[in-house]
Amino acid sequence: MSSETKQILTTDGIPLEVSLKKAERKNKIKAFLLVAPLLFFLIITYVFPIGDMLFRSVDDKMVTQMLPKTFKAMENWDGQELPEEEVFAAFHEDFIKLVEDKREGKLSTQLNYTKNGFKSIIKKLRRASKKFEEGNYKEQIMSVHKRWADVEYWRAIQRRAPEFTGQKYLKGMDMYVNEEGKIVSVEEDRRIHRVLWLRTLEIAFFVTVFCFLMAYPIAHLLATLPMKYSNLLMICVLLPFWTSLLVRTASWMILLQQQGIVNDFFVGIGLVADDNRPEMMYNKTGSYVAMTQILLPFMVLPLYSVMKTISPSLMRAGKSLGGTPFVAFWKVYFPLTIPGIGAGCLLVFILAIGYYITPALVGGASGTLISNQIAFHMKSTLDWSFASAMGLMLLSGVLVIYWLYNKIVGIDNIKLG
Amino acid sequence: MASKKDFVKFDKVDKSYDGKVLVVKDLQLDIAEGEFITMLGPSGSGKTTCLMMLAGFETPTNGEIYLDGKAISSIPPHKRGIGMVFQNYALFPHMTVYENLAFPLRVRKIPKDEADKKIDKALSMVSLQGFAARMPGQLSGGQQQRVAVARSLVFDPQLVLMDEPLGALDKNLRESMQYEIKHIHESIGVTVVYVTHDQSEALTMSNRIAVFNDGKVQQLSSPDELYEKPVNSFVAEFIGENNTFGGEVSDISGGKCKVKLANAEILANPISVKGKGERTTVSLRPERALINPSTKMDNLHKGKIEEVIYHGDHTRVRINLLGNPEFILKVPNSSSNLDIKLGNEINIGWNSDDARALDPK
């Protein structure tokens, strides 16, 4: 047979493929128009913000634009000794311009991110610069404060020269580029982010495990009980969904506080002494308890939807073929629920890893997560680029987990209902 | 091997799910070793409940079930060693055909080479060699059913239960599977308890049939006896086609009885009527009544043809006879078919032996 396939024509002599495309075009346009609003919405609310976040996390143009002449002059500086007069002159020129525009405060904030101690010396420099005489700026600037005569601070300024930087990501991992340009960790007692990352992973992991352990029997009951009971149980599972997240978290605060209901109960049954009430809130315990309860439905529902499809005759078959109830469960029922387990665990883990309100309210200092740190930088320090960088690190962490899941279990093996 | 007459014995078994209604009432049933027995009945008649009690998934509310002389009510299903074929196959979808068949052998800790032999044998029994590596989802309905049968037999149980196993198959496949299951039963001699609501399936396959209705066994007998000699009007109605006349016994003597209908009198065979004045339903199979009979028959009446339906090998004729407008006749298609035309009056005759006077409906 010839390898060439003969072109098939329609009865009118038009090639079949052309004719088919023509016939389908109208449908394709219709379909596209139908999804267009959603596509537009997604681009506006998802693709664009994430792109902006990615850009913001590496964008370092601000200082570059504030001190253009300084960085130009610094190009020939080797960074070993204090820079030459021409650098100081250029810096003075840039600085005067900033003061005129009232933007020297921003510069001080930015430089302070790079190295602590810039705030005060820039303030001093602003005051002193009014009385500066022309020429010999090196001497004049160095005389304002001894830090201006410290080569470390000039190196810190030089590090802000590139328009783009990855240093926010390093900072998110408690690392920085030191004076020799090497990536090193910060001192032991200043490493706050690593602890937070690990704690976030730990809490997300254990919340997932607790949710799984609790949801599995519930979902099984839901799937096997007669309709009238299972409906009631389903309402119990879904009831928290209909309540505001804040209300739920607040009720956990009422329950878990030291003079709260749970503690009263423990004291009442004599489990703990009245003067020795355990702290169940403002620490990890609080985060665990509240997050597990709040995320439980996200585990129950995928499990339920999978279990609902497993015919009860399969378990019966397993038993009638000689398997003990445990063997029938483990070899027959459990493997069939894996798609639901995968979906539920992935869902809960990903939600937990980025959880914010609940740990902020009941987590205290030892129960907060990385998201709380991100919020802190968004709201308090206004270091948005750092917040963006950590947000992206979180996002890539989730993507890695997703990828791992796909490798191990297979993403087709997921069932949300 | 002398086969036991009461290999499986239901002894005064009652079953109720809600404490109000008895689903199974005072069931007394002996099943012989090597027998193919079918529980036949409409849905809700208690036949599946009986099977589930035998398998161990339901417990009798009262009474006891014996398997090979041992009371089994307190034995859990997995220790009963009974093979079972489920209505929707119940193959384990995440296991290959091989693994499905290996499951009962693995839990019994049978060594692998011996297990492989058994699996090969079971697969060849249902002519599915070469399918061992397939997943159940890759098989057709009929093939899945065969795997289910093979799986229920692979561990050599003495008793196999089948719960409407062919219900989901199309008609042709169902018929060929009926023969296949029958042949498997004949070749290995296992005792089979089969549940179905399809009477033709029951008649084709079984040694004996237990007709269930309303939680009770109405009749337990061989297929031919069930069809030819139903003992009550439920069985007569349920098995095959049936013409009935409701009336009153006006005379009974010499193995015959006269039954008075609204405007006529017929002769019948008294089965469950004892004396004069009793209400009765007379049951007559369509093929036992003849048009213009050549031999002498003790019932001969005139009827008007209301409907003629052509069926290929035979023609169904609906006749208004003795006040019963639903009287059905089956006439073999041959050239000698005279005046079967709509509206014609014809003579219908039958022997009083074939007209069974049963309990009133």
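Me: Which residues of helix α18 (residues 370–379) of chain A are buried?
Reply: This is a predicted model: local features need pLDDT of at least 70, side-chain atom pairs count only at pLDDT 80 or more, and totals for chains, interfaces and linings use all residues. Residues are numbered from 1 along each chain as its sequence is written, with chains lettered from A and ligands numbered from 1 in the order in which they are written. A residue is buried if 20 or more other C-beta atoms lie within 10 Å of its own, exposed if 12 or fewer and partly exposed in between, with C-beta atoms placed from the backbone; helices (H or I, at least four residues) and strands (E, at least two) are DSSP runs numbered from the N terminus. In α18(A), the buried ones are I370(A), S371(A), I374(A) and H377(A).

Me: Which helices do the buried residues of α18(A) pack against?
Reply: Contact requires C-beta atoms, placed from the backbone, within 7 Å. By that criterion, the partners in chain A are α10 (193–224) and α19 (384–408).

Me: Within what arc do the buried residues of helix α5 (residues 104–114) of chain A fall?
Reply: The buried residues here are E104(A), L107(A), L111(A) and T114(A). An α-helix has 3.6 residues a turn, so residues three or four places apart point the same way. Down the axis of α5(A), the buried residues line one face of the helix, because they fall within an arc of 65°.

Me: Which residue of strand β9 (residues 208–213) of chain B is the bridge partner of M39(B)?
Reply: Two strands pair if DSSP finds at least two bridges between them. β3(B) pairs in the parallel sense with β8(B) (residues 191–196) over five bridges, and with β9(B), also parallel, over four bridges. In β8(B), L40(B) is partnered by T196(B); in β9(B), the partner of M39(B) is A210(B).

Me: Which are the edge strands of the open sheet of five strands in chain B?
Reply: The order is β15-β19-β16-β17-β18, with antiparallel pairing. Two bridges join β15(B) to β19(B) (residues 345–350), where I291(B) stands opposite I348(B). Each edge strand pairs on one side only, and these are β15 (290–291) and β18 (324–332).

Me: How many charged residues does the side of chain B that touches chain A have?
Reply: The contact takes 19 residues from chain B and 15 residues from chain A, and on the chain B side α2(B) gives the largest share, three residues. Ala, Val, Leu, Ile, Met, Phe, Trp, Tyr, Cys and Pro count as nonpolar, Asp, Glu, Lys and Arg as charged, and the others, Gly among them, as polar. The chain B side has 13 nonpolar and four polar residues, and its charged residues number two.

Me: What is the mean pLDDT of chain B?
Reply: pLDDT is the predictor's confidence in each residue, from 0 to 100. The model scores ipTM 0.80 and pTM 0.77. In chain B, 98% of residues reach 70 or more, and the mean is 86.

Conventions: Two residues are in contact if their C-beta atoms, placed from the backbone, lie within 7 Å. The arc is that of the directions from the helix axis to the C-beta atoms.
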